[in-house]
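Good morning, colleagues. Please look at the sequence and the structure on the screen.

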Amino acid sequence: MFIVDCTSNMQKYLDQLRDSVESIMTELANSGRFAQQDIRIGIVAFRDHPQMVQGSMQSFGFVTKVFSFDSDIATIKANVASLASSGGGDGPE
């Protein structure tokens, strides 16, 4: 399970995740502890609450978005690729 922050400054990490999914799954399979078909990855993406921007509420598409567990590398990469960073900008947590 990957929990992914999709606020505005996180795009480089989304790109790294997309580019690393295949190697992560391959490494798990090569460890001998899991059969390839048993390796499944789920994703929960999140953003901050909607913010006031120039006096009006602005939505950044979702606060949380859940992708079910899947073992197909192409599907997982497509799920990550569908995410874009935006929103955020409030004070640090």
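Which side chain meets that of Glu22 in a salt bridge? The partner is Lys77, and the distance from nitrogen to oxygen is 3.5 Å. Please bear in mind throughout that this is a predicted model. Glu22 belongs to helix H1 and Lys77 to helix H2, so this pair ties together parts that lie 55 residues apart in sequence. As for accessibility, Glu22 is partly exposed at 40%, and Lys77 is partly exposed as well, at 29%.

As a general point, side chains of opposite charge can pair when their charged atoms come close.

How many salt bridges does a search of the whole structure find? The number is 3. The side chain of Arg18 forms a salt bridge with that of Asp15, at 3.2 Å from N to O. Arg18 also meets the side chain of Asp19 in a salt bridge, again with an N to O distance of 3.2 Å.

Asp15 is partly exposed, with a relative accessibility of 25%. Arg18 is likewise partly exposed, its relative accessible area being 27%. Asp19, by contrast, counts as exposed, at 55%, because the cut-off for that class is over 50%.

My last topic is the serine. Ser85 is located in the segment that follows helix H2, the helix of residues 73-81. Is Ser85 buried or exposed? Its relative accessible area is 18%, and since buried means under 20%, Ser85 is classed as buried. Which residues does Ser85 contact, once its neighbours within four places in sequence are set aside? They are Cys6, Thr7, Ser8, Met10, Gln11 and Leu14.

Thank you for your attention.

Note on methods: Residues numbered from 1 in each chain as written. Predicted model: local features only at pLDDT ≥ 70, side-chain atom pairs only at ≥ 80, totals over all residues. Heavy atoms only, no water. Helix = DSSP H or I, 4+ residues; strand = E, 2+ residues; numbered from the N terminus. Buried < 20%, exposed > 50% of the residue type's maximum accessible area, 1.4 Å probe, protein only. Contact = heavy atoms within 4.5 Å. Salt bridge = Lys/Arg side-chain N within 4 Å of Asp/Glu carboxyl O.
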